[in-house]
Amino acid sequence: MRAPFRAGLGLGAVLVLAVWPTLRWAAGAEGRARAAPPRIFELYVRSPILAKGGERVRVPVRVVCVTSRGTPCRSEVTLATRSGPSGAWQATRAPAGPSLEFDLTGPVARALGTRSSTSLALRVRAEGPGGRTVAMPSGRRVPLRFFVIKEMAIVRAPSILFGRTRGGRTVLFLPWGSGAVRAGLADPPEGPPAGPSSFDVDRAGRIYVVDPLQGRVVVFRHGKPIRETRLPLGARADIAVTDHGTAFVLDQSGDRLVVRRITAHGSPGAPVPIGPGLPGQVRTDGHRGLVDVMPQDEWLAIPDERGRARAEGPPTTGRPMRGGGELIRVVGDRSLRLGEVSGGQVMDAIDVRFSERIGEAALTEPDGRGGYWAVAHLWRWKPFPADQYQVLHVAPGRVLASFAVGDRRFVNTQPLARFRLGGDGALYQLVTSPDGARILRFDLGRES
Amino acid sequence: MRNVIIALGLSVTVVLGPLVHPAQASWVSANCHGTYVTDHYVRRSDAQAYSAVAAGEGYEWGGGCWNNNNRDDTPGQPDSGGEGPDCSGFTFKTWELRNATGRSGFTYWEALYSVHGPYATYDFHAPVGSDPFFRLPDKDATTTMYMDAFAKNGHVGMLYVDSGAPDGTDLIIEALGDAAGTGKFYESYRSQSEYVAVRREGWTPDCWPNCQHPARPVVVMP
């Protein structure tokens, strides 16, 4: 009896010794995974922006969680929603996954009830290893907000055959190269060519071109340079000009956004920090500079150079418009929804339906009379791949004007910097070809 | 004998020393001493994590080595053995492709191992049957998944997250160029007709190794 006992004890000891390092490693790894915060922890939420009562409302949430060793890590997502400013928050928690979606159809239906329009607040928070959290919106800022409307006017965009495009009038041509009347070009063998990153047109028809490869913003009048401002520019710098000729240049510095103000006389200001985020676009409401911060798709008024916001107010879901209100837009597979938010209510909402798929909404602008100008990138796959832009002037219930323009693109201009509604009321397009960059002008007064 | 070796060494140094100019030592030759290993279970999330860490690095045509310090260590020095991948090299390393055309399976390449791989953008744009990646039948959002790529003859970038943006663009991770470097950018490649959608073969499911308890894809709020 004693001998077998000793043998068993010995065998057990051997087994423990053999397995111990593995157990210890496993326990250590688990402990480290719990303790070590991730190196990268990012949250991506696609807000519905503008939903219609009775339809399914889903919010995709993606979390990128990367350990210090460069491997993915697990996280949990909490999504909370609230109807009205004083309602109770309703929260749900789920493990993050590659196709996680929160279905808010129930809360949306209850919030809308018998009303014609309402909005819901949204907060999303992810928690990762080591107690690391990331939230959208971050900190204690006001929540994201999306809007629900009972009825939405549907208008069908006229179907325009691919290739039936209108040519604009060239108002500026800049051959590639170095110098005052040329535009810088970088054309790597494996990578898209880079050139002017953005442009805008003021009320006098002056064209502001961002030329990162020559480190300058140039103002042209009648095709001739009248002013040049030298400043360091990122390859994707965006620009918008106010009614008074002040230009705002949105740029990226690491994972943070900065804006530089250029006075009407061409003097550059110090970089103004906007905060963390990816650049969406920069626009103005005529007087203030406004930045669309991604991925949360929130609009912020650009603070002054001492860091104070010129206009009080929280970030907004829509783009603040001249004279008040916000412009909201959201792209679906074959639809573009537009609306104006005023006093917390959605007005003049339109669902523009297209016969082809839509890529980006390259331009959305209010027309000041309850309608909108929009430029949508249309594309198809069969019978052969094709794409072009459709310009639309829409009002609730009808299409006022529509025509197509080509998609001439040699350099990889960022998607939302290819069109501008100029301060003079005309539509402008930045196109590029192997010989240079052109600004085309389309008069908008004679389409029907 | 020892003195002979020392004398020989000194002679070589004296004769060849002036010929070796410090500027000729490229960033890659000075820094890229990583390694690689055969990999068996590679999920899209692994590829996404690998690419995420590379955001902020530089761009180098034909390059494939970077140090993940969130900045371009060789700015303004194109085509000089500098830091960063080009677009096809970045896709090659992120997808853990093998360094020989047509070979299936996975190889994990450390960021500091300098390799571009045998595929150019032309190959990603027009895959052949033996390639370990293939062209998708369309570019619909319901077809593409994160870490698929959009490729044209001249550029390739990977879909970083597949939820899209409200303005209709996609968040792409890509080695964009000397000025922009490697990073995440909102792009419209899905709607540009010259781009096709491409998928790497053989991903291990994201649920691995816990596929018996997969996460719920849709969470319904009551």
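## Charges and polar pairs across the interface

Chain A and chain B share five salt bridges (a side-chain nitrogen of Lys or Arg within 4 Å of a carboxyl oxygen of Asp or Glu). One of them joins the side chains of A:Arg409 and B:Glu194, at 3.7 Å from N to O. This is a predicted model: local features need pLDDT of at least 70, side-chain atom pairs count only at pLDDT 80 or more, and totals for chains, interfaces and linings use all residues.

Polar contacts link 28 residue pairs across this interface, with both residues at pLDDT 80 or more. Such a contact is a pair of N or O atoms within 3.5 Å; within protein, one must be able to donate a hydrogen and the other to accept it, and residues adjacent in sequence count only if both atoms are side-chain atoms.

## Extent of the contact

Each side is counted by contact (heavy atoms within 4.5 Å). Chain A gives 62 residues and chain B gives 62 residues. Together they bury about 5,100 Å², 57% of it on carbon and sulfur atoms. Buried area is the accessible area (1.4 Å probe) lost when two parts are put together, summed over both. On the chain A side, A:Glu190, A:Trp379 and A:Trp381 lose the most, together 15% of what that side buries.

## Strands that pair between chains

Strand β6 of chain A (residues 101-103) runs parallel to strand β11 of chain B (residues 218-220), over three bridges. Strands are DSSP runs of E, at least two residues, and pairing needs at least two bridges. A:Phe102 sits opposite B:Val219.

Residues are numbered from 1 along each chain as its sequence is written, and chains are lettered from A in the order in which they are written.

Notes
Heavy atoms only, no water. Helix = DSSP H or I, 4+ residues; strand = E, 2+ residues; numbered from the N terminus.
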